[in-house]
Amino acid sequence: MAHRAPSGRAPAAAPAPSRRLARRVLVLFTLSLSCSYLCYSLLCCCGGGPAAPRKLLQKSRPCGRPPPAEPSGSDAPARRPREPPAPPAGSPPGPARPGAKRLPQAIVVGVKKGGTRAVLEFIRVHPDVRALGTEPHFFDRNYDRGLEWYRSLMPRTLDSQITVEKTPSYFVTKEAPRRIFNMSRDTKLIVVVRNPVTRAISDYTQTLSKKPDIPTFEGLSFRNRSLGLVDTSWNAIRIGMYAVHLESWLQYFPLSQIHFVSGEKLITDPAGEMGKVQDFLGIKRVITDKHFYFNKTKGFPCLKKSESSGLPRCLGKSKGRTHVQIDPEVIEQLRDFYRPYNIKFYETVGQDFRWE
């Protein structure tokens, strides 16, 4: 076999060690750069931005999912509202919530056997009035129980409604004016007055029905009848000295906050008297003639049946009862006794009730 003659070019030499090292460094640098880029991309995906490396220790959402949209409108979760700052001590309470129990804005403070129950039952017909049916006796007997106890007795009312309570003994209770003033100096007061002689006889008639063994009306009314000395310590007599009791109330309340209802006109013209009461309370005249009819048996007006109730409403058996017969001379002596008190009362309130 013929041998090829060698060419003039020398065979290639093996790569030098330095060149192999350079290639390895270049490969490692390329891999390191690729890994860094990959890690940076992963961090941006999972952390949400260039600041993601700072959140490596925080819980992040899975990669590949877009961030959840911020909820709005009715779909937004309810956030717990910040608690309002507590009101300063001694500040007045805020407006009552619908259906809340509130302290009364108006009180029927007197007088016993004057017609207070009739006024309360009549005014309760008004849609803007809610009244406590029982007598709480807070400002005379139960004051130590506190205002919160008193408030708890009241009916629930809307913000547009007036809360009313009635306790006739307040009018003759010395501490009542001050106590009511301390509750609210804006309280409106209603006083139902009646001829003091007739009122005393009615008071006695009621007591006699419960205690048949009590002394006679004449015996209780006078310390010495022959001298005309009236016993003012007997409560039935003392209540009718309206001018004396009114002085205590005028120390705390102006006359503009006290409305006087005629017990006599409440019988003969209930709509007229209740119209004045509605005006005093600042509410629309809703209670009119159409709400009443005269019950001849009781001798007293009653409420006609309403659309919600099929029966008329009259006062209880104790109202409108027949009075005991009293000696006319005794009645005349009591009229003489009350006359100066009545005149002073007329002058003070600016109204003549014509009891003379």
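1. Ser202 sits in helix 5 (residues 196-210). Helices here are DSSP runs of H or I with at least four residues, strands are E runs of at least two, and both are numbered from the N terminus. Ser202 is buried, at 7% relative accessible area. Buried means under 20%, exposed over 50%, and partly exposed lies in between, with a 1.4 Å probe and protein chains only. Leaving aside residues up to four places away in sequence, Ser202 touches Lys113, Arg194 and His323. Contact means heavy atoms within 4.5 Å.

2. A word on the basis. This is a predicted model, in which local features need pLDDT of at least 70 and side-chain atom pairs count only at pLDDT 80 or more, while totals for chains, interfaces and linings use all residues. Residues are numbered from 1 along each chain as its sequence is written, and side-chain values use heavy atoms, with hydrogens and water left out.

3. An unreviewed UniProt entry gives a "binding site" at Lys113, Gly114, Gly115, Thr116, Arg117, Arg194, Ser202, Lys319, Gly320, Arg321, Thr322 and His323. UniProt positions follow the numbering used here, feature names are shortened, and annotations may be inferred rather than shown by experiment.

4. Lys113 lies in the loop between strand 2 (106-110) and helix 2 (116-123). Is Lys113 buried or exposed? Lys113 counts as buried because its relative accessibility is 13%.

5. Thr116 belongs to helix 2. Thr116 is buried, with 5% relative accessible area. With residues up to four places away in sequence not counted, Thr116 touches Val108, Gly110, Val111, Lys166, Pro168 and Val192.

6. Five strands make an open sheet in the order 3-5-2-6-9, with parallel pairing. Strand 3 (129-131) and strand 9 (258-262) are its edges, each pairing on one side only. Neighbouring strands are turned by 25° against each other on average, direction ignored. Two strands pair if DSSP finds at least two bridges between them. Strand 2 and strand 6 (residues 188-193) pair over 4 bridges, in the parallel sense. Ala106 has Lys188 of strand 6 as its bridge partner.

7. Helix 2 lies across strand 2, strand 3, strand 5 (162-166), strand 6 and strand 9. Helix 2 runs at about 160° to strand 5. Axes are lines fitted to C-alpha atoms, for helices over the stretch in contact, and angles run from 0 to 180 degrees between N-to-C directions.

8. Strand 10 (residues 292-295) and strand 11 run antiparallel, joined by 4 bridges. Phe292 has Leu303 in strand 11 as its bridge partner. The two strands form a hairpin with 4 residues between them, and Gly299 in the turn has a positive phi of about 70°.

9. Strand 11 (residues 300-303) is covered on both faces. Phe300 and Cys302 are buried on one side, Pro301 and Leu303 on the other. In a regular strand, side chains alternate between the two faces of the sheet.

10. How many disulfides does a search of the whole structure find? The search finds 1. Cys302 and Cys314 form a disulfide, with sulfur atoms 1.9 Å apart; the cut-off for such a pair is within 2.5 Å. The link is right-handed, with 110° about the S-S bond. Cys302 is in strand 11, and Cys314, 12 residues apart from it, is in the loop between strand 11 and helix 11 (328-349). Cys302 is buried at 1% relative accessible area, whereas Cys314 counts as partly exposed at 34%.
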